[in-house]
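Student: Could you take me through a close look at one part of this model, the place where the two chains meet?

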Amino acid sequence: MIPLRYNIGSLWVRRTGTMMAVLGIGLTVSIVVTMMELVHGLESTFVDTGQEDNLIVIRQGGLNEVNSYFGRDVYPTVRFLPGIAKGADGEPLVVGEAIVIINHTRDNGQPSNMLVRGTSAMGFYLRPEVRIVEGRRFRPGLREVNVSRSLSNRFQNLKLGDSIRMSRSDWKVVGIFDAGGTAYDSELWASYEEICQDWDRAFYSSILLKAESAEAAESIRKRIADDQRIHLQAVPQRKYYQEQTSASVGIKGLGYFIAVVMGIGASFAAMNMMYGAVMSRSKEVATLRSLGFRRRHILASFMMESILVGLAGGILGCLLALPIHGVSTGTASFQSLSEILFNFRITPEILFKGLLFATLVGALGGFLPARRAARMRLMDIMKE
Amino acid sequence: MNELLIEMKNLSRVFRRDGVEIQVLRDINLRVFSSDFISLMGPSGSGKSTLLNIIAGIDRPSGGELRVLDADLISMNEDQLAGWRNRHVGFVFQHFNLIPVLTAFGNVELPLLLTPLSKKERREHVMTALNLVGLTDRADHYPRQLSGGQEQRVAIARAIVTDPTFILADEPTGDLDAESAEEVLKVLAGLNDQFQKTIVLVTHDPRAAAYAHIRHYLDKGVLIQKEHAPLSVT
Ligand SMILES: Nc1ncnc2c1ncn2[C@@H]1O[C@H](COP(=O)(O)OP(=O)(O)O)[C@@H](O)[C@H]1O
Ligand SMILES: [Mg+2]
């Protein structure tokens, strides 16, 4: 094998060109890695949401809470199903909730949809990940709301003490909560009864319940599915949110498309640089061949050189993309069109994929020039 | 009697360029024995490099017979030729052809990277070769830090490091001043003297040719004269 030192030395000799190619690949990789961070952040928002043995009951055929509603009459049927865990007071751990979507203005002046959950103290109890970090919980019987910190930061009039107009009333922000990066960080919570009154509708969007055990959860799920009268379905809370990751499908598709297009562009940059390298080193190729190195050694050496450039670009790109880790952003959910807030999240796997992508760009760009170097006729290049 | 290493019978080489045929070598008959030190002289364009390249397995004859070390080079494929070159041929070029980004050591080590030698063994071989050309103290120097004569001696070290059967040198003193040329030729003569290396030396320079024991002349592709040493330089 032709030693790597040869490639590194040669890249150093042509450092301006090398640097340009590394920079080009680096910027591309940083964009691709940022996109992966975004998709991963969005997906893990859903993947991390939900408690074991919690079931969400929604309308049969409904995809999610937003598209689900049913009358209050079925609530007792669900509430007294066997297998539901009981609280300290002996009451079943069940909460019926109403979801409404409101339109509100972001800090940047653009309107966006927000998801409002009408719930009760039980809603908090069944979602221990949701913690009040400022102020207090809303009180039943009052037009009060709790807002996630992320929403509070991104939307107008959602600071503690502010008032927000919803439906027919002004609602006071009395508490800010943190849902630990789960889907609830994109929600506004208020009293169930108040929501029903203000919207003038007596309905449920969903019922959240805790089963005694995994087996109990399964049997509750079956019973609800089999009950022809109520037309409901029960989905494990974790599974329910995992299925909502389809919100990221669009972004993911766009991400792949951009990655491919930019990857091709970057490999042209690598290719251009490598053609220059090959042309200026035909005499060295001749020397190596005359020493006994084969065409395939030449091919491998130039490929390696291009991959090195790709890798250097990959490392640069990953470094450039690191600082965006933890930055929060939002996107419209595909189902409810309401705003979903999440953080960019970087993982070792994403960095590894970024480097792999960079390697691929290098290999792709290096192939044709390396092949040209390998195909040179020894006799011809000896003369130069 | 020394072993017959190279035998050419009625060997010819024809190049085709723009539809015109140029006969570069015609009816070459040449025998080279082990331990020979042969020089090949002739005007520019007479076919000296072509002949050397054919011996090295870089170029192929158009006709005639060629046996080198009892191997039929004409029927070997490219990979076989490359392996053959690595084992049997040490090539020395007019322009040294050192790899500029590798040190003297790195350059000399190159042909050994194709052998199964360990790193330690390679180091020993490289240092032995550098010692033979008197440059052990320049092992870590890059080509640009060496004089022309030193560069060519590194190139010779690279040519001999695999202990090849032949050293083929194509105008190795063409780029050197008289003094450096002298040094390089002495190194070559020493290798022939002490280690019985077979050397084919292509040169313009009669003083370089004087180091050889057998002198051949090429003119317009014809090997026209053969003259045995020792002869003194006028
Ligand atoms: N690959 C080639 N294609 C066409 N003509 C060639 C080629 N190589 C050498 N020649 C021609 O063969 C002749 C001899 O070349 P060469 O062996 O290099 O001569 P010398 O080394 O004696 O100066 C020259 O006329 C040269 O132009
Ligand atoms: Mg020549």
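Tutor: Between chain B and chain A the count is five salt bridges. This is a predicted model, in which local features need pLDDT of at least 70 and side-chain atom pairs count only at pLDDT 80 or more, while totals for chains, interfaces and linings use all residues. Residues are numbered from 1 along each chain as its sequence is written, chains are lettered from A and ligands numbered from 1 in the order in which they are written, and side-chain values use heavy atoms, with hydrogens and water left out.

The contact (heavy atoms within 4.5 Å) takes 26 residues from chain B and 23 residues from chain A. About 2,200 Å² is buried between the two chains, and carbon and sulfur atoms give 64% of that area; buried area is the accessible area (1.4 Å probe) that two parts lose on being put together, summed over both. On the side of chain B, Ile58(B), Val101(B) and Leu114(B) lose the most area to chain A, together 22% of what that side buries.

Ligand 1 lies between chains A and B, and 13 residues surround it, having a heavy atom within 4 Å; the closest are Lys383(A), Gly45(B), Lys48(B), Ser49(B) and Thr50(B).

Notes. Salt bridge = Lys/Arg side-chain N within 4 Å of Asp/Glu carboxyl O.
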